[in-house]
Amino acid sequence: MTPIIYKKNVVITLCAIAFSLFFSCAKPSVEQYFLIIGASANDVELNVINDLKNDLSEVLEEQISIITDADKLPSSGTFFILGTPRSNALIKELAFQEKITLSTEFPGSRGGIWATTTLANGQNAVVIGGSDIQGLQYAIYDYSKDILGIDPLEYWTGKTPSKKEEKDIYNFEPRTIAPPKVPILAYFENDVDELANYRGKLLEYDWESYTEMINSLVRLRYNAIQFFDMLGRPEFYVRPEYKKLNPDYQIDIEYLNKMIDYAKLKGMKIQIDFELGYQIHPMDESKAECWSKYKEDWITAWRYYLEKTPLSKTDIYVLRPRNQVWDWEYKSSCGESKIDVFNDVYKEFGVLVDEYNPDAIKVAICYSDGMDMFNEGFNPPKDWTVVWSDHGFGTFDHELKDTKGYDFGTYMHAGYWLNHTVHNPYPDLVETVMKDMFSTYEADKYCLVNGQNFRPFLLNLEAYSEVCYNPETFTSDRFYKNWTERYFSPDVAKHAVASMQYLHKAQEGRKGYVEHLWEIREAVSYLSNSPIVRPGKTPIPFDYERVLGDLENTARTKSYLEKAFFEAETGYKKTDKKDVFYHSYILLPVQLYSDLIAFETTLHKMAQLKKQYENTRDSKFLEDAITLLPDAKNKLKIVFDHRSSGDLDDKWKDWYAIAIRRQNNGFPTYEMLEAIEVNLKKMTL
């Protein structure tokens, strides 16, 4: 027995020495993390759990493994129990034993919990569960954001988390994550040219950009996406400016199907506006102007969508009481009352939808004319949710006289086509307007948010998410502080907020970057004595009165942009190593807007001088106007240079390229300045 005892003592002694130098022999050298999932978990559940695994891998050095509730538990490690009472037997058992409070009824659909517990093997575990799969999603994504430090917008902001230790994993109080106030928060992919063009095929998302957009939206609690541009909107294959950009444009049906499947894999519902102008299966536009004559053609086209295209996968069916090919007011070519037409249209389309999808959600989105129609007698069947639309910049122009017993929702803009280059930050409007819609009209059953080309509108997109989740706790001041301090130091964040608030003031009266492009066209038209030519529309005569109406607004915009730029530049100088995201999101937008206003202001000075000549016939005024041309050319060059250099991050180097920008209101050119010069010199003769 002595040799055996001796050898044992030697082993103990050696182990003690090794422990003092390296680690305990009784513990594995590498701590492991185990994610325990339900053996019956579906694809959506597996996807979000894999997201958590990837998030943990970002902040931990240790190995992370996935096991099921049917597997034997390892004797040691750090454990996560993940799922719903229906999908994970361990969660069901913990709830039955009252170690956690979770059921399909509590906290309810899209709700979830965080908790800690002790497993049968004596090890501690983190429980992240949901009443349903969406509840699990948001419980996991909230945990990743709040505990692991994962930015839900990481791909777009470049913010990466710091490393964590095991103690950080448990550093939370038990939490019940209530269901959101608004059960459906949908993202509208509309006017997406920059995002669809900056790399890859023109007018089509590249796969990385699309999937990263969906990934971020899901983490922000958006649970539906409306496909629109990617269905082949009529502009893409009809309008001359788009045909020039991509003369061979053709929607890729297989790619669309792949995009829909990815969104569904991330737990999002698919929303489609069943207008009839998409290239996926277009109807002749003349048939969109007379329902009584072409009713069967409309129904046949809808059936084609539902039987022959990926739109058969629709979950939320949308119609607007408008022209069903072009996005404008319905004007009957056969003497119909548009209210009577759409009362019938919604009844007929509703019956068709019920035939193909009895569980469908049906939404009537009322634009300006539709809101007037609703107040005057448009009444879709009661199983339609009625949606009131803002006018593009977060506020409503149309009064809602009576909800008439309908479930109500809102259609809001995080970005609008008048400001698709430079965002208009307005969390304060998000707070006041949305809370009023919720309290006054109970318009909390649905919210659609237009994100334009997504990347410039991250702030407003998240603000709408937050207010739709819990309007009682949402305040714009707190949101601004939390959002900016997520990315910048408190001192720098103050300047970022101040700059964005001035940037918002610069756009009062629906005057965004793109609206100033139109004002520039008006100035160029007057200075060159040439009408504004628009494809398919009557030319607009040159007129000084148009320019005169722009002078005051442009001067006011310039004064606010100067303040916005001062704050942005001051904050930038205080960032560490010239923060790339600060430059991209705070400084560069103000720079681009300021460049354009500086160019426009020079044109306005020239226009005023030309008008003085016309009033006095004193050629000195024309000569003074001509002397400003070199300054105008230099300022236009600055516009081009800053847009071409763009972001400091090479990933976004082509984002502001003028050649692939959205085709709204054109863009100034050197040729325009040459035409001005020719005209002014001709007038001096």
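**A mixed sheet and its helices**

Strand 3 (residues 78-83) and strand 5 (residues 124-130) run parallel and are joined by five bridges. The model is predicted, so local features need pLDDT of at least 70 and side-chain atom pairs pLDDT 80 or more, while totals for chains, interfaces and linings use all residues. Residues are numbered from 1 along each chain as its sequence is written, and side-chain values use heavy atoms, without hydrogens and water. Strands (E, at least two residues) and helices (H or I, at least four) are DSSP runs, numbered from the N terminus. Strands count as paired if DSSP finds at least two bridges between them. Within the strand 3 and strand 5 pair, Ile81 stands opposite Val127 of strand 5.

The open sheet has six strands in the order 2-1-3-5-4-6, with mixed pairing. Strand 2 (63-68) and strand 6 (175-177) are its edges, each pairing on one side only. Neighbouring strands are turned by 20° on average, direction ignored.

Helix 3 (residues 89-96) packs on this sheet. It touches strand 1 (32-37), strand 3, strand 4 (112-118) and strand 5; contact means heavy atoms within 4.5 Å. Its direction makes about 90° with that of strand 3. Angles run from 0 to 180 degrees between N-to-C directions, and axes are lines fitted to C-alpha atoms, for helices over the stretch in contact. Helix 4 (residues 133-146) lies across strands 3, 4, 5 and 6, at about 130° to strand 5.

Helix 16 (residues 458-469) is mostly covered. Of its 12 residues, 11 are buried, meaning under 20% relative accessible area with a 1.4 Å probe, protein chains only. Among them are Leu458, Tyr464 and Cys468.

Methods: The expected span of a helix is 1.5 Å times one less than its number of residues. Buried means under 20% relative accessible area, exposed over 50%, partly exposed in between (1.4 Å probe, protein chains only).
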